[in-house]
Amino acid sequence: MFVDVPDRRRQAAAWVAPLLVVVSMLTFVWLATQDSDPRMLFLRRWGAVPETLFPSAAPFAGLLDGRLLTLLSALFIHADWLHLVGNMLFLVIFGLPAERALGPWRFLLLFLIGGALANLVPVLLLESTRSVIIGASGAISALIGAYLALFPRAKLGFVLPLGLFLEFVRTPAPVMIGVWALLQLVFTFVGPGFGAVAWSAHLAGFVIGLVIGLLARPAIAKRLRNSRS
């Protein structure tokens, strides 16, 4: 389990990350109350489906009928509780400090744009054009990449079970994120064997977030200096 080790400086309250968590949870609960057929229709309409985004008969039809918006709506739909809780945990851990550094609107743009671009990668790469790509994993990966770029010297707390005891260890964030990224690379190849087909979105999101974070770092550093002066 990872927990953020917060800075002792007083920081502005974050509201976008908690709002994204609430929206995702409400969507999941609402879908759980639906019957199987309406649920599948909803997933195919609002999830990112390669054959509807880029149909072979009209490859650019998705640009004209608004289907590209499903790259965004898919971010708020999750397959099961494990999928939801895992994403929301990492959204809280990395999203809250990233939002405080970026500001709410830049953070929201990073989540949406990074997530949409990350979802686009498996849409273009998947062999099964009928697969439905859902979940905030790509957007969360973008936040993790941005977190690494913005806070390269930060530390995360790692709760390590040692027999009957739990040991709290502080570990440099780049080490833990490096382990996370390695797992994503492994699951990109082995995940399809377990029914998970969009692991490439995780890696794509991470790279996108890392690049955005590196480009934004000088402006963010200036913003943080001004806010503390």
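Start by selecting Phe90 and Phe94: both belong to helix α6 (residues 81-102) and sit four residues apart, about one turn of the helix. Helices here are DSSP runs of H or I with at least four residues, numbered from the N terminus. An α-helix has 3.6 residues a turn, so residues three or four places apart point the same way.

Before moving on, note that this is a predicted model, where local features need pLDDT of at least 70, side-chain atom pairs count only at pLDDT 80 or more, and totals for chains, interfaces and linings use all residues. Residues are numbered from 1 along each chain as its sequence is written, and side-chain values use heavy atoms, leaving out hydrogens and water.

Now show the rings. The structure holds seven aromatic pairs (rings of Phe, Tyr and Trp, the last by its six-membered ring, with centres within 6.5 Å; planes under 30 degrees apart are stacked, over 60 edge-to-face, the rest tilted). The Phe90 and Phe94 rings have centres 6.0 Å apart and planes at 5°, so this pair is stacked. Together, Phe90, Phe94, Tyr147 and Phe151 form one aromatic cluster.

Phe94, at 3% relative accessibility, is buried, and so is Tyr147 at 2%, while Phe151 at 21% is partly exposed (buried is under 20% relative accessible area, exposed over 50%, partly exposed in between, with a 1.4 Å probe and protein chains only).

Finally, select helix α7 (residues 104-125), which has 22 residues. Its buried residues include Phe107, Leu110, Phe111 and Val123.

Key. Helix = DSSP H or I, 4+ residues; strand = E, 2+ residues; numbered from the N terminus. Expected span 1.5 Å × (residues − 1).
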